[in-house]
Amino acid sequence: GEEASLIAVKELQPAMMNHMEEESDRAIREANYKICQLIRQNNGVRSGSTVAVLYLSQERARACNVGDSRIYFCREDKFIHLSKDHNQAQSLVDMGIIPLEDARHSKERHVLTQHLGIFPDEMEICPHYSDELRLQDGDVFLLCSDGLTEDVEDEVIQKALSDKEKTPEHIRDELVEHAMAAGGKDNITIIVARVHIK
């Protein structure tokens, strides 16, 4: 996973640094190809990575993800899950088999339907893109791994992100503490960004 995520970052960084959103699909496909090469080199030992990308350009934002790492948006009383969970539980929700509130506790939430490290003959990688947002001063974004969302309820996350008195670093640390207090069963990766518009 560590090697796979490093490959993903290296492939996606040029597209992000140059604000080339249209290059995302190509970069994601190339990262997936290289991770599959890594799997072959390791005699078929599976390796993979999720992807969570936030594009900020000209006072606009758009999220892109593959897998179950999440991207949230918070503006005053608005709290929006911009990414889409690519797991079997969400697929069951999409098909109307289980309600959304049951997906959080379903065993199927651990079965990913999309991630980097999938061979082309297994499945085509289809990144999820959010609708575009027009930014306002004070908007807050959270990018995180499921090490946070597995154990911390959305209400707790929203409350932390809504606290205008705290810096993004303080919010990040608070969310890590919540996840650790809830058991910290998985890696916890968190990025908090607050928008400042002059």
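This is a predicted model: local features need pLDDT of at least 70, side-chain atom pairs count only at pLDDT 80 or more; totals for chains, interfaces and linings use all residues.
**Stop 1: the largest core**

Start by selecting Leu12, Ile28, Ile35, Val51, Val53, Leu116 and Ile125. These are the residues with the most contacts inside the largest nonpolar core, which has 20 residues. Now colour α1 (2-17), α2 (24-41), β1 (51-57) and β2 (60-66), the elements that each give two or more residues to this core. The largest share comes from α2, with 7 residues.

Stay with Val53 for a moment and show its surroundings. Leaving out residues up to four places away in sequence, Val53 touches Leu12, Met16, Arg62, Ala63, Cys64, Ile71 and Leu143. Apart from this core lies another one, of 16 residues, with Phe79, Ile157, Leu161 and Ile190 among them.

**Stop 2: helix α6**

Select residues 154-162 and pick out Ile157, Ala160 and Leu161, which are buried. They sit on the same side of α6, because they cover an arc of only 95 degrees around the axis. Turn to the face pointing away from that buried side and you'll find Glu155 and Lys159, both exposed.

What do the buried residues of α6 pack against? Bring up β3 (70-75), β4 (78-81), β7 (140-144), α5 (146-149), α7 (168-181) and β8 (190-194), and you have their packing partners.

**Stop 3: the aromatic pairs**

Next, show the aromatic side chains; there are 2 aromatic pairs to find. Tyr72 and Phe79 make a stacked pair, since their ring centres are 5.1 Å apart and their planes stand at 10 degrees. Both Tyr72 and Phe79 are buried.

The other stop here is Phe73 with Phe141, a tilted pair at 5.3 Å centre to centre and 45 degrees between the planes. This pair links distant parts of the chain: Phe73 belongs to strand β3 and Phe141 to strand β7, 68 residues apart.

**Stop 4: Val195**

Val195 is buried, with a relative accessible area of 10%. Its contacts, not counting residues up to four places away in sequence, are Leu135, Gln136, Asp137, Gly138, Asp139 and Phe141. To finish, draw a C-alpha to C-alpha distance from Val195 to Val140: it comes to 6.3 Å in space, though the two are 55 residues apart in sequence.

Note on methods:
Residues are numbered from 1 along each chain as its sequence is written. Side-chain values use heavy atoms; hydrogens and water are left out. Buried means under 20% relative accessible area, exposed over 50%, partly exposed in between (1.4 Å probe, protein chains only). Helices (H or I, at least four residues) and strands (E, at least two) are DSSP runs, numbered from the N terminus. The arc is that of the directions from the helix axis to the C-beta atoms. Contact means heavy atoms within 4.5 Å. Rings of Phe, Tyr and Trp (its six-membered ring) pair if their centres lie within 6.5 Å; planes under 30 degrees apart count as stacked, over 60 as edge-to-face and the rest as tilted. A nonpolar core is a set of buried Ala, Val, Leu, Ile, Met, Phe, Trp, Tyr and Cys residues joined through side-chain atoms within 4.5 Å.
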